[in-house]
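Trainee: I have a structure on my screen and would like to learn how to read it. Can we go through it feature by feature?

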Amino acid sequence: MISGRDIVYISSIEWNFLWQGHQEIALRLAAAGNRVLYVENTGVRSPGLRDASRVALRLKRWAGALGSKGVRQVAPNIYVSSPVVLPPFGGRWRRLLNRKIFLSQVRRAARSLGMRDVLLWTYLPTDTTIDLVRLMRSPRSAFVYYCVADFTQLTPHTEKLRQSEREIIESSDVVFTNCSELATKFSEWNANVHVFPFGVNLEAFPLKARDRVAKHEGNGHEKSFEASGAAALDGLPRPIIGYVGGLHRHVDFALLREMARARPLWSWVCVGALQAAELGELEGLPNIHLLGQKPHGELVEYIRRFDVCIVPYVNSVYTTTVVPTKINEYLAVGKPVVSTDLPTVREFNEEHRILYTAGAEREPFLQAIEQAMQAPEDAEVVSRRRDVAALGDWQARFHAMSRLVEAQLEAKRARSSASIEGKRTGLK
């Protein structure tokens, strides 16, 4: 188990954005006795108009942290840095400015916390990350790259990203990926590659409803979920077909619209941040309910009220390597799941035979939903769904990842000790 380390954690999302594996791992690293400097997303592309609010919030957080040496504490042992940084993959002058501005901000933040020989953990394969790693790496440091997306599909600088990602993979002590396709690709450049799809926090998604008190997004505050906004769903017409997650460009809005029109007596509920500029007329349909982003700790109350949970993703080059985290969250609550037949979903289902899959077309997807509603819902079926979800338990997954990283740290300590001993002996 990694413990007693200083960790610079280069995330690809903000701390208070959609709760994902980035925050789950950071919390577990902190709980294990490490100090974590969580560096919020520095991006893989230039921001556009749709990013204006996010950029404004970044500037606000950056300015607000000036009095505390560029960090704010969000949980025990977790400190967040919100650096102002120019987009990656620009000209030489841009990279030079990033070194002077971004790297100095993070380095000052780490120094203010007294961090030494940091463990560097990144989700971003950019030239900005490369420069930060070069600046902060020491002989006793370790470097971890966790790839959870095909970033070449998210930037116009495809070739530059490929080059920087290869450099990061080759220089990493351990590489984690979310799917076998990326692992196979990366193994050409690093022999220490392991597949770890994002997991599920089983405590946050209990099978049985109960009056519970849960930690709220790692901020140390406790909140009772006896009364939840999800109770408003109780008045909707059944069945309730539910989706939890961001409404981004990888969601098939046309498919959702066509299905909602074909089944006007069904309630279609989407719980998640509105991340796409256009929602494909979803907002104009009376049986579609867009509820927006909800606290992660409350999602279980919404899922519990769904009759069928769906993953209506487009089948694209990008989603070829996407592993929908929400699948295990749905299964943990014992719900039937219908998903478009993405490669990673097919791979998951070939192993577990637990999902209903269909092409991204109205009739096949509706037939899969109806099949899910007509299938038996006895205790054995529900329990098996929970058992499959438990295979992706975050705590077990974190322990396995931690052992792999700790093995690298131990090897570095051994080499460093041998080097020191060799020098001492040579002086005699």
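Mentor: We will go through the sheet, the helices, the cores and the aromatic rings. This is a predicted model, with local features needing pLDDT of at least 70, side-chain atom pairs counting only at pLDDT 80 or more, and totals for chains, interfaces and linings using all residues. Residues are numbered from 1 along each chain as its sequence is written, and side-chain values use heavy atoms, with hydrogens and water left out.

Trainee: What is the order of the strands in the open sheet of six?

Mentor: Strands of a sheet pair through backbone hydrogen bonds, either parallel or antiparallel. Here the order is β13-β12-β11-β14-β15-β16, with parallel pairing. Two strands pair if DSSP finds at least two bridges between them. Strands (E, at least two residues) and helices (H or I, at least four) are DSSP runs, numbered from the N terminus. The edge strands, β13 (288–292) and β16 (356–358), each pair on one side only. From one strand to the next, the twist averages 25 degrees.

Trainee: How many bridges join β11 and β12?

Mentor: Five bridges, in the parallel sense, join β11 (residues 240–244) to β12 (residues 267–271). Y243 stands opposite C270 in β12. β14 and β15 pair over three bridges, also parallel. There V311 is opposite S339 in β15.

Trainee: Which way do the side chains of β15 point?

Mentor: In a regular strand the side chains alternate between the two faces of the sheet. In β15, V337 and S339 point one way, V338 and T340 the other. All four are buried. Buried means under 20% relative accessible area, exposed over 50%, partly exposed in between (1.4 Å probe, protein chains only).

Trainee: Which strands does helix α11 lie across?

Mentor: Helix α11 (residues 362–374) lies across β11, β12, β14 (308–311), β15 (337–340) and β16. It runs at about 170 degrees to β16. Axes are lines fitted to C-alpha atoms, for helices over the stretch in contact, and angles run from 0 to 180 degrees between N-to-C directions. Contact means heavy atoms within 4.5 Å. Leaving aside neighbours within four places in sequence, I369 contacts I241, M259, W266, W268, V308, I310 and V338.

Trainee: What do the buried residues of α7 pack against?

Mentor: They pack against β12, β13, β14, β15 and α11. The buried residues of α7 (residues 253–262) are F253, L255, L256, R257, M259 and A260.

Trainee: Which residues touch the most other members of the largest nonpolar core?

Mentor: A nonpolar core is a set of buried Ala, Val, Leu, Ile, Met, Phe, Trp, Tyr and Cys residues joined through side-chain atoms within 4.5 Å. The largest has 99 residues, and V8, L37, W268, F306, I310 and I369 touch the most other members. A second, separate core of 33 residues includes W15, L119, W121 and F196.

Trainee: How many aromatic pairs are there?

Mentor: The whole structure has 14. Rings of Phe, Tyr and Trp (its six-membered ring) pair if their centres lie within 6.5 Å; planes under 30 degrees apart count as stacked, over 60 as edge-to-face and the rest as tilted. W15 and W19 are edge-to-face, at 5.4 Å centre to centre and 75 degrees between planes. Both W15 and W19 are buried.

Trainee: Why is the pair of Y145 and F186 called tilted?

Mentor: Their planes are at 35 degrees, with ring centres 6.3 Å apart, so the pair is tilted. It links distant parts of the chain, 41 residues apart: Y145 is in strand β6 (residues 142–147), F186 in helix α6 (residues 180–186).
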